[in-house]
Amino acid sequence: MEISAPSVSLSVQAMKPLDGLHFLKAPFVIKTLAFVSISIAFFYIGNRWSVPGSGGYQRIIFFSPTSASASARQVSFSPNLGKSFNLSAVISHGPEQSIAPSLNVGATVSAATALTAAPPPPQIAWVGIVNENGTMSDDFDVEEYDSQLVDDWKYNESEIDTTAPKEGDGGEDQISIKSYQLCSESMKEYIPCLDNVEAVKNLNSTRKGEQFERHCPAKDKGLDCLVPPPRGYRRPIPWPKSRDEVWFNNVPHTRLVEDKGGQNWIYQENDKFKFPGGGTQFIHGADQYLDQIEKMVPDITFGRHIRVVLDVGCGVASFGAYLMSRNVITMSIAPKDVHENQIQFALERGVPAMVAAFATRRLLYPSQAFDMIHCSRCKINWTSEDGILLLEVNRLLRAGGYFAWAAQPVYKHEPSLEEQWEEMFNLTTRLCWELVKKEGYIAIWKKPLNNTCYLGKEASSKPRLCEPDDDPDNVWYTDLKACITWLPENGYGVNITEWPARLQNPPGRLQTIQIDAVISRNELFRAESKYWNDIIASYANGWKQMELRNVLDMKAGFGGFAAALAEQKFDFWVLNVVPVSGPNTLPVIYDRGLIGVMHDWCEPFDTYPRTYDLLHAAGLFSVEKKRCNMSTILLEMDRILRPGGHVYIRDSITVMDKLQEISNAMGWNVQLHDTYEGPHASYRILICEKRLLQIPEIKS
């Protein structure tokens with residue numbers, strides 16, 4: 001609201017004298033007195049509201065309080081001329097508070113009429129990523145842990161006032177949280193939905209690998225403590241050095257060394273694990289193996305035509321680690337089986353990886369996600385159950401994409417292995433895959449570009465085509481289907497450009513996303529990209545000096561945050577999470593040359609503790625608080641965040657108080673900042689840093 005004082009000029013003309021009391025009854029005099037009274041009243045109000053410390057809102061200035069003399073008083077301008085204000089923010093403050101927005105008045109004010117300079121605001125203490133202006137600072141500690149970020153924590157010290165919350169939205173606000181206890185040391189590698197022993201015992205069958213799938217605890221048995229690190233945990237070795245070595249104490253397990261040491265996977269040297277870059281089928285190194293694949297099929301140009309790869313049964317993810325230098329991002333997956341720490345090693349190295357299994361449900365990635373899918377001795381029987389697992393590969397593989405299989409049936413001539421090869425060849429032929437090359441111990445197939453081959457199949461042939469109403473991108477707790485996924489008739493998923501141009505080009509599948517859009521989806525796509533490019537540009541100097549590598553975007557949208565990091569050459573990788581509570585934008589994310597996964601943040605995430613250096617959540621909590629407690633999500637964030645890692649939350653001011661309370665209870669270092677829109681914006685930025693919790697010594 002803007003109020004300015006009008007300049008008033010009165011001209012009084014000569015009047016005839018009036019006798020006695022008739023003068024006071026004259027209409028003109030009555031009107032004049034009334035006007036003067038009102039003017040005096042407004043002068044008093046304006047002057048009172050303009051005086052600092054008067055207890056009113058500092059909003060209106062009619063006259064300069066610093067004029068040289070009373071006779072020198074002049075009409076002045078409101079300092080808020082040309083500015084707009086959020087009246088709801090003004091009304092919400094009591095009269096005892098003073099709300100002073102930043103002023104920028106485009107008017108020349110003489111020295112005699114200049115406003116008295118307000119005292120400077122108190123210095124704002126801050127840590128972490130951005131400063132008080134919401135911009136990045138170059139001043140960061142990237143060495144060993146600050147002593148202030150190392151806390152002595154105790155078991156069974158939880159302090160929670162459990163006043164019964166009301167049902168529905170906002171019930172969590174009734175609970176006051178003071179601190180969380182430390183979980184048992186046996187839970188230092190706890191993955192809630194994959195370590196649910198009770199649920200696995202109650203399974204009817206584990207014949208198809210059901211024990212490796214998600215079985216989450218009941219809501220009343222969810223995580224309510226802080227998962228501790230292993231003893232001797234250290235800040236991870238930074239990338240790219242981490243590709244070749246990690247600290248032993250961060251993943252203190254030697255089972256893989258014992259089982260795979262002779263295959264050039266991994267070995268222990270003093271206080272480190274070393275990764276020479278080999279694998280079961282490429283013991284001479286991943287680089288030589290990748291060169292061989294490119295020579296076998298010249299159209300496989302890593303970093304151009306081939307950008308996004310899935311590595312099945314990845315081991316310690318050396319295949320994906322060495323593809324990084326070729327501008328290829330690889331999702332490395334393996335189940336939590338007898339070699340349960342292989343994914344943990346991959347993540348500690350700084351390589352994208354997830355715990356996942358080909359069993360009875362669809363993997364949590366969209367159709368036509370990967371330009372290539374690779375399986376090197378992944379120990380999966382692709383032809384069993386009518387080829388249902390290879391049909392899942394077919395769903396995930398982009399039209400025109402490649403499937404590379406390195407396994408004994410490809411090159412050995414034992415009768416049983418030759419029979420397995422024959423079954424594999426027949427199944428891939430019925431899938432209309434073309435065997436492009438078979439050389440040495442590698443066979444490479446290519447998926448068709450369209451449905452022509454499928455339409456030429458006999459109706460009785462198997463595998464059959466999926467029903468027309470089957471949604472190939474519906475993946476959350478969706479069972480596998482023994483059918484061939486249709487390819488879009490309009491070419492969506494095929495007609496993408498090469499990397500890096502595909503990063504900023506709106507893909508065709510953008511038009512299939514079910515969102516309420518008044519403007520063009522292409523415009524929304526470009527607007528999101530520009531928004532995050534502008535924000536990330538302000539962080540560039542600071543973030544590039546920090547030891548960040550593994551990044552999780554918890555509400556990714558079209559992947560604009562990750563695209564901005566890639567565009568500005570950050571040496572990070574980002575896993576884009578698309579919550580089930582919103583539109584499924586995963587096809588767009590993969591078409592851009594990025595990786596992502598579907599997830600429900602009211603449930604735990606399928607990764608090991610201490611996985612990510614940075615968790616980014618924009619607009620997540622104001623949506624998910626209607627579905628589950630914010631403390632559920634924040635405790636899960638603490639589990640998967642590395643000590644010394646950062647959290648960046650941009651959300652509505654309505655959730656910030658609760659987020660700060662819970663974050664403090666978890667021992668995070670917390671700072672609240674305004675967005676670049678200023679203090680009257682409806683959003684705030686919460687920057688958090690996780691402390692390293694010291695496990696108490698066990699007394700003998």
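The buried residues of helix α7 are Gln342, Ile343, Gln344, Phe345, Ala346, Leu347, Glu348 and Arg349, where buried means under 20% relative accessible area, exposed means over 50% and partly exposed lies in between, with a 1.4 Å probe and protein chains only. Helix α7 spans residues 342-349 and is mostly covered, as eight of its eight residues are buried. Just after α7, Gly350 has a positive phi of about 95°.

This is a predicted model, in which local features need pLDDT of at least 70 and side-chain atom pairs count only at pLDDT 80 or more, while totals for chains, interfaces and linings use all residues. Residues are numbered from 1 along each chain as its sequence is written, and side-chain values use heavy atoms, with hydrogens and water left out.

**The protein as a whole**

The secondary structure comes to 17 helices and 23 strands. Helices (H or I, at least four residues) and strands (E, at least two) are DSSP runs, numbered from the N terminus. Of the 700 residues in the protein, 50% are buried. The accessible surface comes to about 33800 Å², and carbon and sulfur atoms account for 52% of this surface; the areas come from the Shrake-Rupley method with a 1.4 Å probe, and for residues only the protein chains shown count as cover. Among contacts (heavy atoms within 4.5 Å) between residues at least 6 apart in sequence, 69% join residues at least 24 apart.

**Helices α12 and α13**

Helix α12 covers residues 521-543 and helix α13 covers residues 560-567; their axes come within 8 Å and cross at roughly 50°. That angle makes α12 oblique to α13, since angles under 35 degrees count as roughly parallel, over 145 as roughly antiparallel, 65 to 115 as roughly perpendicular and the rest as oblique. The crossing of the two helices is right-handed.

On the α12 side, Glu528, Trp532, Asn533, Ile536 and Trp543 take part, and they meet Gly560, Phe561, Ala564, Leu565 and Glu567 of α13. By class, this contact has six nonpolar, two polar and two charged residues. Ala, Val, Leu, Ile, Met, Phe, Trp, Tyr, Cys and Pro count as nonpolar, Asp, Glu, Lys and Arg as charged, and the others, Gly among them, as polar.

Ala566 also lies in helix α13. Ala566 counts as partly exposed because its relative accessibility is 24%. Ala566 and Pro500 are 66 residues apart in sequence, and their C-alpha atoms are 9.5 Å apart in space.

**Backbone angles in loops**

Most residues other than glycine have a negative phi, and most peptide bonds are trans.

| Site | Feature | Angle |
|---|---|---|
| Trp239 to Pro240 | cis peptide bond | omega near 5° |
| Lys462 to Pro463 | cis peptide bond | omega near -5° |
| Lys379 | positive phi | near 60° |
| Tyr477 | positive phi | about 50° |

Pro240 is in the loop between α3 (197-201) and β4 (245-247). Pro463 is in the loop between α11 (452-455) and β14 (464-465). Lys379 belongs to the loop that runs between β10 (370-376) and α8 (384-396), and Lys379 is exposed, with a relative accessible area of 76%. Tyr477 is in the loop between β14 and β15 (483-484); at 33% relative accessibility, Tyr477 counts as partly exposed.

Methods: Axes are lines fitted to C-alpha atoms, for helices over the stretch in contact, and angles run from 0 to 180 degrees between N-to-C directions. A crossing is left-handed if the near helix is turned anticlockwise from the far one by less than a right angle, and right-handed if clockwise.
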